[in-house]
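I opened a notebook on this structure. The entries below follow the order in which I looked things up.

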Amino acid sequence: MSTMRCVFLTIAVFLAILATSCRTVDNATVRTSPAEYTVHRISRDKIPSASMMNFWTSHVGEEWSNFTYALWQDAELGTLSYVLPESKYKDARIEFKLVHDGKRIYAIFRAAKDRYILAKKIRINSFASRDTCAELFLAPGATQGGYCNMEVSLSGAYLFMFHKSQQSNFEGIGFISDEDTENIKVFTSGDGIVFPEIKKEEKWHIIVVFDAATIAKYAGVEIPEDLSGQTWNANFYHCAEASSHPRWLAWNPIPKRKFHLPNCFGQLHFE
């Protein structure tokens with residue numbers, strides 16, 4: 001094989017990798033294929049009432065075995081295993097599980113280990129990323145249309161923003177309407193404000209329940225009424241920017257401290 005042909009072949013392979021992967025930037029190595037997670041379907045008779053959800057969140061479990069109620073027992077376990085280098089506290093261990101019933105998505109984020117915890121936000125659409133929080137970035141049309149991001153504080157406050165384009169973070173952006181906030185339910189073990197900061201090791205969890213149609217509406221895409229068989233692009237994060245020891249964790253790795261990177265989203269496959 002000629003030298004020139006080898007050069008062209010090498011360039012072609014390199015470009016193919018860039019087209020399908022999240023790039024390495026600022027010496028931060030990230031995986032070259034997206035993370036994948038299967039969101040299992042549950043029957044409606046396994047869905048608890050809001051009062052039962054509140055009961056669960058008032059009892060922080062030591063292990064996942066304490067959360068193996070009908071809703072979560074068959075769900076896959078995911079981990080926010082990529083810790084950004086800028087993090088001042090690198091030992092937090094955050095896990096998640098998701099299920100769906102065809103129309104609604106049920107997500108739980110659980111801190112198996114965390115410290116330097118605080119949560120002061122009290123209003124919807126306040127920047128919850130300053131608090132100990134979980135974040136969901138969801139593109140229901142995969143690479144088509146836009147995406148939505150939800151930042152959910154341990155206090156129960158949350159931010160919901162939409163972005164009509166996956167190519168520009170500043171094109172067609174906005175907040176959820178007051179009316180549509182009724183389609184999002186949040187349950188946390190934080191019991192409201194967490195302040196002053198809890199420095200010792202603690203466990204916590206955040207449950208978010210939302211309509212798939214609400215995400216699709218604000219992302220500007222049309223999806224089938226039933227979630228089964230769909231594939232969404234997504235990424236999940238944990239951060240606590242106002243903590244004395246701030247940290248940033250991701251499910252699918254990102255090359256820099258910027259969460260709005262649709263090309264770095266993983267894939268959700270709905271059973």
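**Entry 1: a helix.** I began with the buried residues of H3, and listed Ala212, Thr214, Ile215, Ala216, Tyr218 and Ala219. Buried means under 20% relative accessible area, exposed means over 50%, and partly exposed is in between, with a 1.4 Å probe and protein chains only. Helices (H or I, at least four residues) and strands (E, at least two) are DSSP runs, numbered from the N terminus. H3 covers residues 212-219, and six of its eight residues are buried, so the helix is largely enclosed by the rest of the structure. Gly220 follows H3 and has a positive phi, near 75°.

**Entry 2: ground rules.** I noted that this is a predicted model, where local features need pLDDT of at least 70, side-chain atom pairs count only at pLDDT 80 or more, and totals for chains, interfaces and linings use all residues. Residues are numbered from 1 along each chain as its sequence is written, and side-chain values use heavy atoms, with hydrogens and water left out.

**Entry 3: the whole chain.** I counted three helices and 16 strands in the chain. The chain has 271 residues, and 51% of them count as buried. I then looked at contacts, meaning heavy atoms within 4.5 Å. Among contacts between residues at least 6 apart in sequence, 68% join residues at least 24 apart.

**Entry 4: strand E8.** How many residues of strand E8 are buried? I found seven of the seven, residues 147-153, so E8 is largely enclosed by the rest of the structure. In a regular strand the side chains alternate between the two faces of the sheet. In E8, Tyr147, Asn149, Glu151 and Ser153 point one way. Cys148, Met150 and Val152 point the other way.

Next I checked the partners of E8. Two strands pair if DSSP finds at least two bridges between them. Strand E7 (residues 133-139) pairs with E8 in the antiparallel sense, over six bridges. Strand E9 (residues 158-163) is joined to E8 by six bridges, and these two strands run antiparallel. Asn149 stands opposite Phe137, and it also stands opposite Met161 in E9. The hairpin of E8 and E9 has four residues between the strands, and there Gly156 takes a positive phi near 105°.

**Entry 5: a pocket.** I turned to the second largest pocket. On a 1 Å grid over the protein atoms alone, a cavity is a set of points where a 1.4 Å probe fits but cannot get out; a pocket is an open set with protein on both sides within 12 Å along at least five of seven lines, and lining residues have an atom within 4 Å of a point. Grid points are joined across faces, edges and corners, and a volume is the space filled by probe spheres set on the points. The second largest pocket holds about 190 Å³ of space.

Which residues lie nearest its centre? They are Ser129, Glu151, Glu241, Phe259 and His260, out of 14 lining residues. E7, E8 and E9 each supply at least two residues of this lining. By class I noted six nonpolar, three polar and five charged residues. Here Ala, Val, Leu, Ile, Met, Phe, Trp, Tyr, Cys and Pro count as nonpolar, Asp, Glu, Lys and Arg as charged, and the others, Gly among them, as polar.

**Entry 6: nonpolar cores.** A nonpolar core is a set of buried Ala, Val, Leu, Ile, Met, Phe, Trp, Tyr and Cys residues joined through side-chain atoms within 4.5 Å. The largest has 58 residues, and those with the most contacts inside it are Leu136, Leu138, Phe236 and Leu268. A second, separate core has 15 residues, including Phe137 and Trp248.

Entry 7: A cis peptide bond joins Phe195 and Pro196, with omega about 5°. Pro196 sits in strand E12 (residues 194-198). Asn125 has a positive phi near 65°, and Asn125 is partly exposed at 21% relative accessible area. Ala142 has a positive phi near 55°. Ala142 is in the loop between E7 and E8 and counts as buried at 18% relative accessibility.

**Entry 8: Lys88.** Is Lys88 buried or exposed? I found it exposed, with a relative accessible area of 61%. Lys88 lies in the loop between strand E3 (82-83) and strand E4 (93-100). Lys88 and Trp248 are 160 residues apart in sequence, yet 9.0 Å apart in space, C-alpha to C-alpha. Not counting residues up to four places away in sequence, Lys88 touches His245 and Pro246.
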